[in-house]
Protein chains: 4
Amino acid sequence: MITVGLIGAGYIGPIHLGALVRLGGVRVKTVVDANGELAARAAASYNIERSGTDYRDVVGDPEIDVVHNCTPNKYHFGITREALSEGKHVLSEKPLAMTIAEAEELVELAARKKAVTGIDFCYRYYPVVQEMAARVRRGDAGAVRMVSGSYFQDWLSKETDWSWRLLRSESGESNITADLGSHWFDLVQFTTGLEVREVIGDLASLLPTRKRPKRQVLAFEKVGEVESEEVEVELEDYSAVLFRLSNGAPGSFTTSQTCNGRKSDTEFQIYGSQCSYAWNHKDATQLWIGYRDRPNEVLIENATLQDPSTARYANLPAGHPLGYHDAVYNLFLDYYEAVAAGGREGGGGDGEGGSAGAGGPLPRPTFETGLEEMKILAAVLESHRKRTWARVKG
Amino acid sequence: MITVGLIGAGYIGPIHLGALVRLGGVRVKTVVDANGELAARAAASYNIERSGTDYRDVVGDPEIDVVHNCTPNKYHFGITREALSEGKHVLSEKPLAMTIAEAEELVELAARKKAVTGIDFCYRYYPVVQEMAARVRRGDAGAVRMVSGSYFQDWLSKETDWSWRLLRSESGESNITADLGSHWFDLVQFTTGLEVREVIGDLASLLPTRKRPKRQVLAFEKVGEVESEEVEVELEDYSAVLFRLSNGAPGSFTTSQTCNGRKSDTEFQIYGSQCSYAWNHKDATQLWIGYRDRPNEVLIENATLQDPSTARYANLPAGHPLGYHDAVYNLFLDYYEAVAAGGREGGGGDGEGGSAGAGGPLPRPTFETGLEEMKILAAVLESHRKRTWARVKG
Amino acid sequence: MITVGLIGAGYIGPIHLGALVRLGGVRVKTVVDANGELAARAAASYNIERSGTDYRDVVGDPEIDVVHNCTPNKYHFGITREALSEGKHVLSEKPLAMTIAEAEELVELAARKKAVTGIDFCYRYYPVVQEMAARVRRGDAGAVRMVSGSYFQDWLSKETDWSWRLLRSESGESNITADLGSHWFDLVQFTTGLEVREVIGDLASLLPTRKRPKRQVLAFEKVGEVESEEVEVELEDYSAVLFRLSNGAPGSFTTSQTCNGRKSDTEFQIYGSQCSYAWNHKDATQLWIGYRDRPNEVLIENATLQDPSTARYANLPAGHPLGYHDAVYNLFLDYYEAVAAGGREGGGGDGEGGSAGAGGPLPRPTFETGLEEMKILAAVLESHRKRTWARVKG
Amino acid sequence: MITVGLIGAGYIGPIHLGALVRLGGVRVKTVVDANGELAARAAASYNIERSGTDYRDVVGDPEIDVVHNCTPNKYHFGITREALSEGKHVLSEKPLAMTIAEAEELVELAARKKAVTGIDFCYRYYPVVQEMAARVRRGDAGAVRMVSGSYFQDWLSKETDWSWRLLRSESGESNITADLGSHWFDLVQFTTGLEVREVIGDLASLLPTRKRPKRQVLAFEKVGEVESEEVEVELEDYSAVLFRLSNGAPGSFTTSQTCNGRKSDTEFQIYGSQCSYAWNHKDATQLWIGYRDRPNEVLIENATLQDPSTARYANLPAGHPLGYHDAVYNLFLDYYEAVAAGGREGGGGDGEGGSAGAGGPLPRPTFETGLEEMKILAAVLESHRKRTWARVKG
């Protein structure tokens, strides 16, 4: 039995718990949150024996093997470092850290400690996204010629919408390019097996001022009822990026959180010399496959039609839709198999690319993946400042 | 803590377990199956302490409060009766029993024992199906004028496809009208609050003969490799029904398991004097709303846009799809609240219709629901035999 | 140059004209309508030399080769008979006549006069509907096992909606079963090459009373402004039919004009032993193809991917949608080729079925087609009255 | 009666003719093409009296009022200039000319000659695209915050695909940015009433070499049967552009002709402070409308639900789809009304923007529109060369 402690019981923490309890051989022992009430409620909801407010009750507990770091962004680095130092395996929410230097330190430390690392890029774990990766990597698409896509949401579409994500002190140098862009670029790198090499970004705060509540909005209050002050927004709520991949193929990506009617609409398309693939979170169970000389196809998640390496993720009879909870579950399934195997997955490290070849297992998202995403982000920010193309640091 | 025992670890049993472990205050103590290996594997997958082969270890265990009956159809009645007799609450897979007499006995026994009963009509627990029910019941659609829909699958589309469901000895008098039709009629009765009163059905075995394997096909074998014999099929794989609801509104329903390319495509449409609603399992997160004088709408599951009575089922930020596992989870959520409340839900029994009015909680599927479905089935079979309309027994 | 006269310049007449002017070798000489203003306006809109109010100016004009009969239903028979007697070829709107006896007389007369006949079942002329027919007839679907579908509109969804179609004196014995049902059954018989043999129908007036305007509503008035009287509706606005085809395959069809939000949504599905086909007027350019063992396909109208016999109808580069006007144009294209060939199409008469084999041209809709539709209608009406199955007269 | 001559009977010429014959008060007298056979065939197909090979038979014919210039790009300027000089009104295919200087000369000459000009940006004439423009311009969307979209085709996806569009001598400095980009930017400028001001483009030849046939491929030959030579491609088949509109709103656009499975998939989205709009050529009859606080809408082309200024373009009963031919027809309808009015449309010239206010008629595409598109193109090409942002010349 692998023993788990989870730190951070806000939005994403309980989603981790809901997936963890479905895993055989894994037991969550402790959940902590600075807000003890949140922690206690989460513990009760998932029959977890212990809750508390001090993250050291997790990272310092010798019985705990794996730490889930679900804290706010600015605490990721410190807590993860401490957990690694204590010999824990760590699955962190993204971003891995606030700076590249921090992220590099974590990657290095994890390697030294032989920790099995994971980062929650869960979108790649929808069954047909895995299938797209398997097919592209085994060559079905031919040469990847271009990619394109977007990620649109609307929860920041009003002037009265406010989030800590818009603050530099909480988010670092970027709001949406970091938050949604990292998911999107991970999808592209994962499915194509290619890397983003050069970028030019155009960032904007489409709502340059917002009304910030003067105190926290309580559960029973409406946003409008709390006194607010008009503030200039520090970070971008719009980002568009042109880029080139490691094989020279171009790409484009646009994202905003101000798009009325778009709830969490990530979509991306891979155009290859033989066929095309497209996926849209709004129809998460479907993979579109485009052909020149025959009708296009729609593959609905289906273990019997998928590549052997991805069939396990489509674990319901065809036609019974899997959802977001299942994507997180699938990611954990892979992660805990790696933990159980003592990190001896595939044939040499859990890094992106690595040994993942035709037929073999597809790579898991690890701390190295998290670091790569931060390097892409840094290049986008630089290109925006300089108004010309920038290279992603190798 | 409510203690649960589950009987039957085949296909649907583990799906129950995956939902049960996500419920706070509920603990699965025992899982049993005639096939002990299956039971043991299920127990290991969900960290359940005990497994075994004898259902009496569940129904006879005084510590167990609730029994999940996931056995094959022909065992439903006997085990459920025994569990009720032992004072257990029971959540049964459908059908409730093999005959109306049996089903009536169970309903009566449960009432006498004050058992909280449930039956797994899980399709109604997709968040937007709940929303459709809330809206129709609060009057948004105006008068319900007609309903229509279908349920198509393809897992019996080949002559080499075989299932115990095609055998009278295993299924009773009907294969698909019972299996898929009951789900569909439940959706209609649940969302409209109306009852099916008159029917005329047309049943057929579209594949009149099939190749039945002479022995069980093992996991590593292909169907074609096992010697088979050609047999005449006893039960229908196609069913179409015209019907009238309790308010006089007509309806139509068609179902088959031989429809190549349709995996589990249930869909139904309610046409009212004010607007229309449609839902399709293939796009399970979306509710279509049709208007005469303004653009049609598509409501994606969204707690902030749904009726207060259904918002709880849309428990992810809008745009993050829920799936089949979540529908089952939602049903269990309601069921275990009723168990925790000692069966004192709503204002008078957990029956269909009951006190469920505008704004109040929507009715849960109970043994009475299961009985109603069996009566509809009996009328369809009668109408098919007599080639004219038949009334559903009151 | 083939010379044409058109009778009836209401709704459908100008649509005929818009297609006729796109045909090479065809000239419309005269358009007439009891309402001379309508006729004059139609003539002006399409640069037609002559207009008038007397249909005999068309049927009696020796220069005119072809008559388009676009008059109200009750005039179809008389005018068509007169035109045939005068030696004209006739393309009639549906229904062919008001009674089977009349329709049979027209079929016989046309045969004697060697007239090239046509009837406007234009839905079958969407390019991918033709493609569906070509594929099913050449065997791609395998044996046709079942068909299903519906035709929903909403222009009669309100009590204040009124139409002459609801009057027995104008429509005959049926409103919607005749009007929309005939289109739908034509689609099924055309695409499958099979005939409807047995039926049981359930008809209803979902709005049993309506407010009938006391005088014609003028163009600038709103319906509500004209005084109306409440009348009992004579004919059905809902119809559902179960049926059996000539190969024994069952089917189901539902139609209503009271379905809020459905504008002209015809859809039908053919399930075969090898694959399935589905088409929906709402996405008229797309043919859905369903498979058991590989991803489903969506074929968008495309000359290079279609059967040689249907490629001509997809006369734009792929991705440029054709519409309703083009379906009518395609029907006329076929009809006027037959006229130009002196009725010597295919290899023996323009009847349904006939010589249309693999690779050959698909059958056009002729007066025989119109007669067949009337026989199906008669059987549906009989089955509804008798509440049991009825046979379609051979 | 307005008399028309058409020059160029290749692909697009006959499409013009098919729309022209549906216009009342308009007569096509002459069609010419360097290839006399093409001209004769087009004339026969549309009952046109005269055909020939010399464009001067059109521009020099005193009876002809309007010239349609459907020649290859490199002849646009010369023929249009001559037609204008002869006092003709001119409707030209895009691009207006090969250089900005030429285009400016044409705009000026047309103004001096008081010619009514038109250019075939027909995508804006789908009924719901007009509706989108009417709604955005009357303020329904609130402030336009961002736009995004793409235009993907696949007819150049293979190495054996060849087109004169890839040659600098035939196309000028750009293939796809000019060809498809101009349509797309026209859609954005038309619907928003805003202008593209700054751009940065990334262009690429995704197939850097292609096999060019050594002689023309004849109708009965397959591409592969004609001897070919490998050539380096001169012009881009991929283009991605980030841009800023005149109100500061950012946008992004991606296009390629190498996208397997994408036939002519233009789509664009406008995100406003109040709601969002999206349109996709693949579903050309549908306008998506996105909201934050209520369900999204889908408006299907429908005269009774559209703005009075756009209802005329939805000239079929709702639910009967209009297509590409109808979009061209709608553009011509507007153009010939302007011709009939002697160019006195709106309240001051037929330029973009102009008097087009709330409720008034939406602007038609004129030579000024064609010039604007060429300026956007020039800026994109400059930005690509310099790898930084470039301004569109005012």
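Through what surface do the copies, chain D and chain A, meet? Of the interface residues of chain D, 100% are also interface residues in chain A, so the copies meet through the same surface. An interface residue here is one in contact, meaning heavy atoms within 4.5 Å.

This is a predicted model, in which local features need pLDDT of at least 70 and side-chain atom pairs count only at pLDDT 80 or more, while totals for chains, interfaces and linings use all residues. Residues are numbered from 1 along each chain as its sequence is written, chains are lettered from A and ligands numbered from 1 in the order in which they are written, and side-chain values use heavy atoms, with hydrogens and water left out.

**Chains D and A**

One of the salt bridges joins R292(A) to D161(D), at 2.7 Å from N to O. A salt bridge is a side-chain nitrogen of Lys or Arg within 4 Å of a carboxyl oxygen of Asp or Glu.

On the side of chain D that touches chain A, β8(D) gives the largest share, 6 residues. Strands (E, at least two residues) and helices (H or I, at least four) are DSSP runs, numbered from the N terminus. The residues of that side divide into 20 nonpolar, 18 polar and 12 charged. Ala, Val, Leu, Ile, Met, Phe, Trp, Tyr, Cys and Pro count as nonpolar, Asp, Glu, Lys and Arg as charged, and the others, Gly among them, as polar.

**Chains C and B**

The values for both pairs of chains are set out below.

| Item | Chains C and B | Chains D and A |
|---|---|---|
| Residues in contact | 51 of chain C with 51 of chain B | 50 of chain D with 50 of chain A |
| Salt bridges | 8 | 8 |

In chain C, R145(C), N260(C) and R292(C) lose the most area to chain B, together 20% of what that side buries. E198(B) is joined to R387(C) by a salt bridge, with the closest N and O atoms 3.1 Å apart. The side of chain C that touches chain B takes its largest share, 6 residues, from β8(C). By class, that side has 21 nonpolar, 18 polar and 12 charged residues.

**Helix α1 of chain D**

In helix α1 (residues 12–20) of chain D, 8 of the 9 residues are buried, so the helix is largely enclosed by the rest of the structure. Buried means under 20% relative accessible area, exposed over 50%, and partly exposed in between (1.4 Å probe, protein chains only). Among the buried residues of α1(D) are I12(D), I15(D), H16(D) and L17(D). Their cover includes β1 (2–7), β2 (26–32), α2 (36–45) and α9 (324–340) of chain D.

How values were computed
Buried area = accessible area lost by both parts, 1.4 Å probe.
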